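Please look through the chain below from its helices to its pocket, taking time over each part. What can be said about each of them?

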Amino acid sequence: MKREKKTLMNTPFVTTQLTLLMKLAERKSGESELAWSRFFELYYPAMLKFAELYCEAANAEDVVQRVLVKLVAVMHEKRYERRSGTSFRGYLKTLIRNEFLDFYRAEVSR
């Protein structure tokens, strides 16, 4: 059986729905909770797969959990703004890479 080479192109991120991103920023408990549930359902598998490009599965889960905590704060504080040439997927991948580097540095310093 041929093994699939892990590359950045093989990560299955879905097309970002602007309405979902807007609902993530809402403070209304019902809408926000449903939006985060949908976001988790759509994005968690892809985020995990992307993080696994950098580290083993157990550490990838920790990295993704840390990213999700940061992302909640970013979305609620409306700090995410789409800039020209930067997609939400690109933003999310950058968050994961940066969090992995922070995680790795912390592990090395122990």
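A helix here is a DSSP run of H or I with at least four residues, and helices are numbered from the N terminus. With that in mind, the model, which is predicted, has four helices and zero strands in its protein chain, and read along the sequence it follows the pattern α-α-α-α. Of the 110 residues of this chain, 33% count as buried. Among its contacts with a separation of 6 or more, 68% are accounted for by residues 24 or more positions apart.

The helix α3 can be checked by its length: at 1.5 Å a residue, its 20 residues should span 28 Å, and because its end C-alpha atoms are 28 Å apart, the two values agree. The buried residues of α3 are Ala60, Val63, Val64, Val67, Leu68, Leu71, Val74 and Met75. Seen down the helix axis, these buried residues fall within an arc of 145°, so they line one face of α3. An α-helix has 3.6 residues a turn, so residues three or four places apart point the same way. After α3 comes Lys78, whose phi is positive, near 55°.

The largest pocket holds about 300 Å³ of space. It is lined by 16 residues, and those closest to its centre are Leu18, Leu21, Tyr80, Arg82 and Phe88. The elements giving two or more residues to this lining are α1 (18–24), α3 (57–76) and α4 (88–109), and α1 gives the most, with three residues. The table sorts the lining by class.

| Class in the lining of the largest pocket | Number |
|---|---|
| nonpolar | eight residues |
| polar | four residues |

Note on methods:
Residues are numbered from 1 along each chain as its sequence is written. This is a predicted model: local features need pLDDT of at least 70, side-chain atom pairs count only at pLDDT 80 or more; totals for chains, interfaces and linings use all residues. Side-chain values use heavy atoms; hydrogens and water are left out. On a 1 Å grid over the protein atoms alone, a cavity is a set of points where a 1.4 Å probe fits but cannot get out, and a pocket is an open set with protein on both sides within 12 Å along at least five of seven lines; lining residues have an atom within 4 Å of a point. Grid points are joined across faces, edges and corners, and a volume is the space filled by probe spheres set on the points. Ala, Val, Leu, Ile, Met, Phe, Trp, Tyr, Cys and Pro count as nonpolar, Asp, Glu, Lys and Arg as charged, and the others, Gly among them, as polar. The expected span of a helix is 1.5 Å times one less than its number of residues. Buried means under 20% relative accessible area, exposed over 50%, partly exposed in between (1.4 Å probe, protein chains only). The arc is that of the directions from the helix axis to the C-beta atoms. Contact means heavy atoms within 4.5 Å.
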